[in-house]
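The sequence and structure are shown first.

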Amino acid sequence: AIELSDVFADRLEDRFAGAAVTVLRGPFEAVELPAASFDLVVAATSFHWIVPTHEGMERAAEVLRPGGWLVLWWNVFGDASRPDPFGDALDELLRHVEPTLADRADPGNPFTSMVPYAQDEAARVAEFDATGRFDAVRHELISWTGRHDASELRSLFASFSPWLALSEERRGAALDHLGRLAVERFGGVVERPYQTPVYLARRR
């Protein structure tokens with residue numbers, strides 16, 4: 001496992017203590033890894049942090065054995081093809097209490113239903129193809145439903161980058177509003193439509 005954050009690296013080491021897991025600290029592009037030595041490289045809701053993306057793609061190709069797989073996916077918290085009453089209500093609420101969080105179409109946030117990054121199949125496939133080192137890309141779109149109580153919602157939203165960018169006081173106030181919305185208007189349990197776009201290709 002490769003983790004840029006020391007805090008998250010510590011969590012990984014604690015969670016998998018005693019298991020056959022090695023945690024390397026640093027950026028994927030720079031961590032020392034032997035070439036052509038892995039069967040599988042996986043990045044879950046994280047590969048967009050590698051800028052420019054082609055460096056991450058080239059690095060993945062470099063460390064994979066021929067025939068190995070690169071698999072990328074993102075969880076998208078929303079689905080424009082299905083109703084999302086809580087998302088609509090939260091967006092309306094945030095426009096009043098914390099407008100910086102209300103723009104669900106923010107191009108820097110790949111987690112909201114209206115952001116095209118994770119669902120932009122042509123762009124994601126082109127990133128694989130640009131390396132010339134992968135076979136045809138497979139794309140799957142998994143639709144599912146998330147179910148959260150108010151406490152789980154707070155933990156989930158507290159992990160999103162736009163929320164983390166707020167001061168502790170402003171973030172806490174916004175999370176309080178979110179929790180009250182879940183309890184007072186949705187009975188304490190919220191169901192939301194989610195999608196997981198998956199992209200995978202075999203190393204030539």
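The side chain of Arg 192 makes a polar contact with the side chain of Asp 84, at 2.5 Å. This structure is a predicted model. Arg 192 is part of strand 6. With a relative accessible area of 5%, Arg 192 counts as buried, because the cut-off for a buried residue is under 20%.

## Overall architecture

The chain contains seven helices and six strands. Read from the N terminus, these elements follow the order β-α-β-β-α-β-α-α-β-α-α-α-β. Along the principal axes, the C-alpha atoms fill a box of roughly 55 × 40 × 25 Å.

Of the 204 residues in the chain, 42% are buried. The accessible surface comes to about 11200 Å², and carbon and sulfur atoms account for 54% of that area. Contacts between residues at least 6 apart in sequence join residues at least 24 apart in 75% of cases.

## Helix 7

Helix 7 comprises the 19 residues 168–186. The buried residues of helix 7 are Arg 171, Ala 174, Leu 175, Leu 178, Gly 179, Leu 181 and Ala 182. Viewed down the helix axis, they fall within an arc of 155°, and therefore line one face of helix 7. An α-helix has 3.6 residues a turn, so residues three or four places apart point the same way.

The buried residues of helix 7 pack against helix 3 (85–97), helix 5 (150–158), helix 6 (161–164) and strand 6 (189–202). Glu 169, Glu 184 and Arg 185, on the other side of helix 7, are exposed. Gly 187 follows helix 7 and has a positive phi, near 70°.

## Helix 5

In helix 5, the buried residues are Ala 150, Leu 153, Leu 156 and Phe 157. They cover an arc of only 120° around the axis, which places them on the same side of helix 5. The partners against which these buried residues pack are helix 3, strand 5 (138–149), helix 6, helix 7 and strand 6.

The face of helix 5 turned away from the buried side carries the exposed residues Ser 151 and Ser 155. At the start of helix 5, a side-chain oxygen of Asp 149 comes to within 3.1 Å of the backbone nitrogen of Ser 151.

## Aromatic pairs

Nine aromatic pairs are found in a search of the whole structure. In one of them, the rings of Phe 77 and Phe 160 have centres 5.2 Å apart and planes at 45°, so the pair is tilted. This pair links distant parts of the chain, 83 residues apart: Phe 77 belongs to the loop between strand 4 (64–73) and helix 3, and Phe 160 to the loop between helix 5 and helix 6. Both Phe 77 and Phe 160 are buried.

The rings of Phe 86 and Phe 186 have their centres 5.4 Å apart and their planes at 75°, so this pair is edge-to-face. Because Phe 86 lies in helix 3 and Phe 186 in helix 7, the pair ties together parts that are 100 residues apart in sequence. Phe 86 is buried, with a relative accessible area of 1%, whereas Phe 186 is partly exposed at 24% relative accessibility.

One aromatic cluster is formed by Phe 77, Trp 144, Phe 157, Phe 160, Trp 163 and Tyr 194. Its members include Phe 77 and Phe 160, the residues of the tilted pair, and Phe 157, one of the buried residues of helix 5.

## Backbone features in the loops

The peptide bond from Val 51 to Pro 52 is cis, with omega near -5°. Pro 52 lies in the loop between strand 3 (38–44) and helix 2 (53–63). Thr 45 is also placed in the loop between strand 3 and helix 2. Although Thr 45 is not a glycine, its phi is positive, at about 50°.

Ala 36 is another non-glycine residue with a positive phi, near 50°. Ala 36 is located in the loop between strand 2 (24–25) and strand 3. Its relative accessible area of 41% makes Ala 36 partly exposed.

Key:
Residues are numbered from 1 along each chain as its sequence is written. This is a predicted model: local features need pLDDT of at least 70, side-chain atom pairs count only at pLDDT 80 or more; totals for chains, interfaces and linings use all residues. Side-chain values use heavy atoms; hydrogens and water are left out. Helices (H or I, at least four residues) and strands (E, at least two) are DSSP runs, numbered from the N terminus. The expected span of a helix is 1.5 Å times one less than its number of residues. Buried means under 20% relative accessible area, exposed over 50%, partly exposed in between (1.4 Å probe, protein chains only). The arc is that of the directions from the helix axis to the C-beta atoms. Contact means heavy atoms within 4.5 Å. A polar contact is a pair of N or O atoms within 3.5 Å; within protein, one must be able to donate a hydrogen and the other to accept it, and residues adjacent in sequence count only if both atoms are side-chain atoms. Accessible areas come from the Shrake-Rupley method with a 1.4 Å probe; for residues, only the protein chains shown count as cover. Rings of Phe, Tyr and Trp (its six-membered ring) pair if their centres lie within 6.5 Å; planes under 30 degrees apart count as stacked, over 60 as edge-to-face and the rest as tilted.
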